[in-house]
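Please consider the following points alongside the sequence and the model.

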Amino acid sequence: WPNDVIVDGKKISGALTETRTNAQSERTYYLLGIGVNVNNVKFPSKQQGIATSLKDHLHRSISLDEFVARLVGNLSWNLGLVEQYQADSFEARYERMPENPLARRFAQLIYMPFGSAVCYANDLQKENGRLVTPIGIDFDGALLIAEEPGRITVGELSFP
């Protein structure tokens, strides 16, 4: 939550995740797609005025090799946090669940403060959304909202 990274009101990056289950092996796979505007200087007409790049904000070209190395390094670190959380959760079993370090980190980084209304729907392109008020992030990464059902695990958010 959310999948777009906004800098000074313009989109600089986005991430998409999907879950797939292999029916034969009953194994679950997680797919992650990340797009980052690194050295872009021109954008398609639909993105004019709403997209930006790292180059725009740092006022210099970025080495793609260095960028990828840092991105993969940070992803590895965060995946390590997930593995540690899973191990701690397994160890805790029926006792109090440990705090999810990724959920805590996301709550620190989110640019839209909790308590501000957002528009939510399963698919905002196909249906009208409803206003909900995010109030936090659950231990498993679900978005906690003030309205029923109280938590969201799938769907899309749009900031009014």
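1. Ile145 touches Arg130, Val132, Thr133, Pro134, Ile135, Gly150, Arg151 and Ile152, leaving aside residues up to four places away in sequence. Contact here means heavy atoms within 4.5 Å.

2. This is a predicted model, in which local features need pLDDT of at least 70 and side-chain atom pairs pLDDT 80 or more, while totals for chains, interfaces and linings use all residues. Residues are numbered from 1 along each chain as its sequence is written, and side-chain values use heavy atoms, without hydrogens and water.

3. Ile145 also belongs to the largest nonpolar core, whose seven residues are Val118, Tyr120, Val132, Leu143, Ile145, Ile152 and Leu157. Such a core is a set of buried Ala, Val, Leu, Ile, Met, Phe, Trp, Tyr and Cys residues joined through side-chain atoms within 4.5 Å; buried means under 20% relative accessible area, exposed over 50%, and partly exposed in between (1.4 Å probe, protein chains only). Strand S4 (118–121) and strand S7 (143–145) are the elements that give two or more residues to this core. Strands (E, at least two residues) and helices (H or I, at least four) are DSSP runs, numbered from the N terminus. In soluble globular proteins, nonpolar side chains tend to be buried together.

4. An open sheet of three strands runs in the order S6-S7-S8 with antiparallel pairing. Its edge strands, S6 (134–137) and S8 (151–152), each pair on one side only. Pairing requires that DSSP find at least two bridges between two strands; S7 and S8 pair in the antiparallel sense over two bridges. Leu144 stands opposite Arg151 in S8.

5. Leu75 lies in helix H2 (residues 64–92). Leu75 is partly exposed, with a relative accessible area of 30%.
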